[in-house]
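Hello,

Here is the structure for you to look through. Please keep it open while you read my notes below.

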Amino acid sequence: MTDSTHEVNTVDVVVEENPQEFFAWYRHSGENEIPELSPFQTMCNSSSNMKPVKDYRVILQDIGSNYITHMYVGVTGIAPNLGVICPRVTHLRICMFTGSDNKIDFIEHCKEVCKLEIHNTDLSANGFPDVFSKLTSVKELYLDWCILPQLPEKLQSLASLKHLQVLSLPGGRRSIGYPEVVSSLTNLTHLYLPMLNITELPWSFSSLKNLRELSLSRNKFANHQLPVVVCELTELVHLDLTSCDLIDLPQSFCRLTKLEHLILTFNNLKILPPPIYSLTNLICLSVPGNFKLRTFDKAILNLEKLEELHFGDCYALKEPPWKLCFEGIAGVRRYFMEREASRLVD
C-alpha cells in the first residue's frame, strides 16, 4: 500500500471523540496462518497473533498493502466502519458491550465472511436483522448469548444462507421454540439448539440429512420422549441430549448406526435404553447424573468400539455397581465377564 493510499484511508476514517468506542484483535493476509479457533476460544488469545487496537488509523497503517482476514470486535459505543477496516474479512466475531446500540448493520459490507460469530447482542429490538440475508457467503453462524425474537418465524432472513454448514442458536437469554427456518438449511452439518424451549420437532426436521453433529441439550420434550424425527438423521456422529428430562429413547433410535458420541447426561433414565446396544460404532457414551438409573444390560459387551463410558453420580445403579464408574468401560466389561464366568461354573 502506498503512502498516498494511507492518506486517503486516514481522511476517510472519521475518528470519534471517544477513541475507545470499540476495540479489536485482528490478523492480516501478510501473517502466517493461525490455527482455527472454536467459538469458545477468544480470538485475542496471545497464540493467535491478534493485536489490540483502539483506532482505525493504527490498523490501516499496520496492515500496509495487506488485508484483514480474522477480526474480533468489541463494541462499547458506535460501531466501527468495517467496510473500511476489513471488507475482505473471512472470520469475524462481534461482541456488543453495555452502552452499545446493538445494531449490527455495520457488518453488511463484509461480503466474504465465512465464519460469523455474534455474542451478547439484542437481535430482537427492531425485528431480526435483515443484514443476514446479505451475507450469503457465510458457512458458519454462531449467535451465542444473544436475545432472539420471541416468535421463531422472525428468523426467516436466515433462509438466505444456503451455504450454511454450522449453526449455533442457543436460547439462553430467550427461549423461542424450534425455528422452522432451520429445516430449510439442508446443507447443515453441525447444529446447536440448546435452551430454546423446544418441546416438539416438526417432520420437516428430517430434511437435515447431512447433519453429523446435533445438540438439543436443555430442551424439555413432550412426554419426556425424544421426538422420533431425530432418528431420521442417520448421518449423525455426535448427539448431545443433556438435561432433556428423557425417560427413554424410541426404538427407532437404533437407526443411528453411525453415532460415535452420545451424551445423555442429567436425564431420568431408569435403565440404559435397549436401542443403545445396537450402536456398535459408539466410542463415547455419557450418562452421569441419571439418578434413577438402575441397570445396564450385559449387551453393552456388544459395543466393542466403546472406549469411554461415563456414569458418575448414578447412585441407584445396582448392576453393575455404581462404584465401578471410576473404572469406566473396563470395569463394566470385567464385571459382566466375571458374572457370566461364575454362572457357567455354577
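Predicted model: local features only at pLDDT ≥ 70, side-chain atom pairs only at ≥ 80, totals over all residues.

A charge sits over a ring if NZ of Lys or CZ of Arg is within 6 Å of the ring centre and within 35 degrees of the ring normal. By that rule, the charged end of R88 sits over the ring of Y67, 3.8 Å from its centre.

Residues are numbered from 1 along each chain as its sequence is written, and side-chain values use heavy atoms, without hydrogens and water.

Now the aromatic rings. Rings of Phe, Tyr and Trp (its six-membered ring) pair if their centres lie within 6.5 Å; planes under 30 degrees apart count as stacked, over 60 as edge-to-face and the rest as tilted. The structure holds eight aromatic pairs. W25 and Y72 have ring centres 5.5 Å apart and planes at 20 degrees, so this pair is stacked. W25 lies in strand β1 and Y72 in strand β2, so the pair ties together parts 47 residues apart in sequence. (Strands are DSSP runs of E, at least two residues, numbered from the N terminus.) Both W25 and Y72 are buried, meaning under 20% relative accessible area, with exposed over 50% and partly exposed in between (1.4 Å probe, protein chains only).

Y335 and F336 have ring centres 5.2 Å apart and planes at 75 degrees, so that pair is edge-to-face. Y335 is partly exposed, at 23% relative accessibility. F336 is buried, at 0%.

Best wishes

Note on methods:
Helix = DSSP H or I, 4+ residues; strand = E, 2+ residues; numbered from the N terminus.
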